[in-house]
Amino acid sequence: MKVLDRVCLDKVDVRHMTEEELGRLGIRLLNHDEVILQCLHCEEAWEVSLDSSGKLPPGYWLCPAGCNG
């Protein structure tokens, strides 16, 4: 993934993405309100913490195991 692509993804809110778009990132959204994601490869799930302004942090979509990085 190019750096430019990664910067653009950091500005996209996963809660507004389609299932197809999420699939291209290798993730699925398990819980919309608590922002719980799951890796489509290893099935690991993780909760994303929003910052004080309610935005998602950089790299929030990356699997903790590194499957989609």
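The following dialogue reads a predicted model, feature by feature.

Colleague: What should I keep in mind about the numbering and the values before I start?

Modeller: Residues are numbered from 1 along each chain as its sequence is written, and side-chain values use heavy atoms, with hydrogens and water left out. Since the model is predicted, local features need pLDDT of at least 70 and side-chain atom pairs count only at pLDDT 80 or more, whereas totals for chains, interfaces and linings use all residues.

Colleague: How many helices and strands does the chain have, and how are they defined?

Modeller: Helices (H or I, at least four residues) and strands (E, at least two) are DSSP runs numbered from the N terminus. Here there are two helices and three strands, and from the N terminus on they run α-α-β-β-β.

Colleague: Which strands pair with S2, and in what sense?

Modeller: Two strands pair if DSSP finds at least two bridges between them. Strand S1, residues 27-31, pairs with S2 in the antiparallel sense over four bridges, and strand S3, residues 45-47, pairs with S2 in the antiparallel sense over three bridges. Ile36 of S2 stands opposite Asn31, and the bridge partner of Ile36 in S3 is Glu47.

Colleague: How should I read the backbone in the two turns?

Modeller: Most residues other than glycine have a negative phi. In the hairpin of S1 and S2, which has four residues between the strands, Val35 takes a positive phi near 50°; in the hairpin of S2 and S3, with five residues between them, Glu43 has a positive phi of about 70°.

Colleague: What is meant by a nonpolar core, and which residues touch the most other members of the largest one?

Modeller: In soluble globular proteins, nonpolar side chains tend to be buried together. A nonpolar core is a set of buried Ala, Val, Leu, Ile, Met, Phe, Trp, Tyr and Cys residues joined through side-chain atoms within 4.5 Å. The largest one has 15 residues, of which Val14, Ile27, Leu37, Trp46, Val48 and Tyr60 touch the most other members; the elements that give two or more residues to this core are helix H2 (19-25) and S2.

Colleague: What surrounds Ile27?

Modeller: Contact means heavy atoms within 4.5 Å. Ile27 lies in strand S1 and is buried, with a relative accessible area of 1%. Leaving aside neighbours within four places in sequence, Ile27 is in contact with residues including Val14, Leu22, Leu37, Trp46 and Trp61. The C-alpha atoms of Ile27 and Cys63, 36 residues apart along the chain, are separated by 8.1 Å.

Colleague: Is Leu30, in the strand that also holds Ile27, buried or partly exposed?

Modeller: Leu30 lies in strand S1 and is partly exposed, with a relative accessible area of 45%. Not counting residues up to four places away in sequence, Leu30 touches Ile36, Leu37, Gln38 and Ala45.

Colleague: Which polar groups lie by the side chain of Gln38?

Modeller: A polar contact is a pair of N or O atoms within 3.5 Å; within protein, one must be able to donate a hydrogen and the other to accept it, and residues adjacent in sequence count only if both atoms are side-chain atoms. Gln38, found in strand S2 (residues 36-39), is buried, with a relative accessible area of 13%. A polar contact of 2.7 Å joins the side chains of Gln38 and Arg28, and the backbone oxygen of Glu43 lies 3.0 Å from a polar atom of the Gln38 side chain.

Colleague: How many aromatic pairs are there, and how is their geometry classed?

Modeller: Rings of Phe, Tyr and Trp (its six-membered ring) pair if their centres lie within 6.5 Å; planes under 30 degrees apart count as stacked, over 60 as edge-to-face and the rest as tilted. The structure holds one aromatic pair: Tyr60 and Trp61 are edge-to-face, at 5.4 Å centre to centre and 85° between the planes. Tyr60 is buried, with a relative accessible area of 5%, and Trp61 is buried at 0%.

Note on methods. Buried < 20%, exposed > 50% of the residue type's maximum accessible area, 1.4 Å probe, protein only.
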